[in-house]
Amino acid sequence: MFENLNWWEIGALLLLALLIFGDRLPTVISDGLRMVRNLRTMASNATTDLSRELGTDIQLEDLHPKAFIRKHLLSEEDEQAIRKPLQGVYDNLRADVTGVHNELKDVASAADLRASGSRPAAATGGAPAPAPRVSYDDAT
């Protein structure tokens, strides 16, 4: 939650809270913590009641519609049957992307060798490099 704040910003927020609430700051903090605790208890009670009414074990994460359908309406066989046709397409796409990635890395490494001026025979394949193009601006 506070990963974007550094220590100076957190200190400034605490100082601002102290200036705003003054002597009441400990009371405000305890009231805020009590409210968070009550909200957690309410959420836990709601999931317990829902689990009892539906007759299944439901966690708070399971209340997302996709997760609910996957866990409670589809069996393992149904889920595998849905995934099976797409698995081959996914594997082929992953292999193609990996191949393109490897080719791009080879081209980038060859470009780095040419830019640095050292040309090993294996990198150039023994063929001479093409002459650099002369543009119209260079001739004038």
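Guide: Gladly! From the N terminus on, the elements of the chain run α-α-α-α-α-α, which makes 6 helices and 0 strands (DSSP runs, H or I of at least four residues for helices and E of at least two for strands, numbered from the N terminus). This is a predicted model, in which local features need pLDDT of at least 70 and side-chain atom pairs count only at pLDDT 80 or more, while totals for chains, interfaces and linings use all residues. Residues are numbered from 1 along each chain as its sequence is written, and side-chain values use heavy atoms, leaving out hydrogens and water.

Let's settle on α2, residues 25-54.

Of the chain's 140 residues, 6% count as buried (under 20% relative accessible area, with exposed over 50% and partly exposed in between; 1.4 Å probe, protein chains only). In α2, the buried residues are Leu-25, Thr-47 and Ser-51, and what covers them includes α1. Ser-51 counts as buried because its relative accessibility is 12%. Leaving aside residues up to four places away in sequence, Ser-51 touches Thr-56, Asp-57 and Ile-58 (heavy atoms within 4.5 Å).

Now for the charged side chains. The whole structure holds 2 salt bridges (a side-chain nitrogen of Lys or Arg within 4 Å of a carboxyl oxygen of Asp or Glu). In one, Arg-34 pairs with Asp-31, their closest N and O atoms 2.9 Å apart; these two sit 3 residues apart in α2, so about one helical turn separates them. Arg-34 is partly exposed at 43%, as is Asp-31 at 37%. Asp-49 and Arg-52 form a salt bridge at 3.0 Å between the closest N and O atoms, and they too lie in α2, 3 residues apart. Here Asp-49 is partly exposed at 35%, whereas Arg-52 is exposed at 57%. An α-helix has 3.6 residues a turn, so residues three or four places apart point the same way.

Finally, α2 is followed by Gly-55, whose phi is positive, near 80°.
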